[in-house]
Amino acid sequence: MTLPPSLIDDPATAGALAAVLSAATVGESRLSAALVPCVLRPLLAELGAQVAEGGGTVAVTGRGLGGLRSPETPLDARAVPGALGPLCGLLAGHAVSAVVRADRLPDGLVATLERAGAQVVVGGSTTAPLLTVRGTASPLAPDCGGPAALPPAAAMAALAVGLTAPGESRVALPPALAGVAFDLLAAFGVPVRLEPAGAVLDLVVTGEAETAPAALPADWPVTPVWLAALDHGAGPLTVAIDGPAAAGKGTLARAVAARLGLAYLDTGLLYRATGLAVRRAGGSPDDPAATEQAARALSPDDLNDPALRGEAAGDAASRVAAIPAVRAALLEFQRAFAAQPPDGARGAVLDGRDIGSVVCPEAPVKLFVTARVETRARRRFLELRERGTEVIESRILRDMEERDARDRSRSVAPLVPVADAVVLDTSDLDRDGALSAALALTGARVWAWHHACARADGRAGPPGAPGATDTGSTGDS
Ligand SMILES: Nc1ncnc2c1ncn2[C@@H]1O[C@H](COP(=O)(O)OP(=O)(O)O)[C@@H](O)[C@H]1O
Ligand SMILES: Nc1ccn([C@H]2C[C@H](O)[C@@H](COP(=O)(O)OP(=O)(O)O)O2)c(=O)n1
């Protein structure tokens, strides 16, 4: 699996930081080849790390913090611009001397290195600068906290210097990059925490700690931004997940809820229970009066019946779901669940067909999960067969196409992605990949929600706003 392009703002920056961290770690780190660009690998060897490749993995055995050696030839970072910041930062915090070729000079980079105590001479030309970096064994800890984010290369350099600098280094980053950097540093055992600082996040790194080898698959988790927002935002947070049958809504919703400690409601069960109740009473799931009555009579216990999972219940559900009075009868239950999640949870994940459009139109996070109809039919086929139900895949496909058409074309709350939903196609993602992608794709929304809540109650605000005092930390990922 490769990372969805938007999983991280700048995959080259994150991959370069991972590579640099592995070079500064004693022991073998195993990084997905998708994360570490090929052209970066010889640079790690120049710094004294051993690099071996195979099976989609790059194994890097580093020399530990403080253990880098001066490269004998210039380090060519032109093909991986994202590497320049972390590479120069690491050099600046070591007693080494190196020449680095770049394709341009990023904003704030030289100043950040010099503030840490390194000597930097810039030669070459504007389009082909040559940086001579003479680092120091006793760098100063960077103090570049919010409210404005540092330019990415300068920020990555500051983080890398922070690894060898004594005490805490503070670097302001945009939320998505902060989440990725946090996860990377934590994966290498670096003591790190995130603190809200207005519209950005401060990443606080404790330097001179021992790093530990990491194993980073292509889809390593991206959750700290969510956790920071939940810790510091005004709850409850609603996550709306909509999409067609067997797209993986429930699987994703359960995983998001479990990862973040949120409550979960499978709203399809409400429609399934209504349809099943009418059928069991000998009625028709197309009868408006009988179905509305059944919907109003539902109790939470009705949602535990194993028969609800069968395709017959799914078909009945799709029919009762087209009746406006049934939808109205079930609306209140769903809204109450989102507004007051059970067991004191800080938010709720609801999955269905109209959560983002009708049930919770104000939800800060809306995902429309979809997949090719053949993939969905295959998943449902495997699911039913595993439960011991005799099924024919081609029939499931046909039924699913019919059900999709009915859900999409009904007049009330048809199944369509709302304009502010993030669309996630899970056809080529496994369950873990879908979770990572969903969390990463919506991280910025969660942060915007946190920021809006904080501004509304005056605890924190955008740069320069009165009362911008909110601080705190998350040490978890
Ligand atoms: N990304 C995925 N890759 C493979 N199988 C999946 C994936 N997501 C879900 N599944 C499986 O597909 C089936 C349908 O998933 P489910 O979450 O119940 O879908 P929905 O709630 O959209 O109907 C389940 O058996 C589930 O385990
Ligand atoms: N919020 C919801 C949830 C389900 N429905 C309808 C649409 C579906 O055809 C049925 C069954 O939904 P459910 O999510 O349980 O079914 P799948 O697991 O996606 O096959 O209910 C709905 O209209 N609105």
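Mentor: Before we start, two strands count as paired if DSSP finds at least two bridges between them. Strands (E, at least two residues) and helices (H or I, at least four) are DSSP runs, numbered from the N terminus. This is a predicted model, where local features need pLDDT of at least 70, side-chain atom pairs count only at pLDDT 80 or more, and totals for chains, interfaces and linings use all residues. Residues are numbered from 1 along each chain as its sequence is written, with chains lettered from A and ligands numbered from 1 in the order in which they are written.

Trainee: OK, how many bridges join β13 and β15?

Mentor: Take β13 as residues 237-242 and β15 as residues 347-352. Val239 has Val349 as its bridge partner in β15. The pairing is parallel, and the bridges number 6.

Trainee: Which strands stand at the edges, each with a single partner strand?

Mentor: Look at the open sheet with parallel pairing, in the order β14-β15-β13-β16-β17. Two strands have one side without a neighbour in the sheet, because each has a single partner strand: β14 (263-266) and β17 (422-425).

Trainee: And what does the twist average from one strand to the next?

Mentor: Axes here are lines fitted to C-alpha atoms (for helices, over the stretch in contact), and angles run from 0 to 180 degrees between N-to-C directions. From each strand to the next, the twist averages 20°.

Trainee: What angle does α8 make with β15?

Mentor: Contact means C-beta atoms, placed from the backbone, within 7 Å. Helix α8 (residues 249-260) packs on the sheet, touching β13, β14, β15 and β16. Its direction and that of β15 make an angle of about 175°.

Terms used
Contact = placed C-beta atoms within 7 Å.
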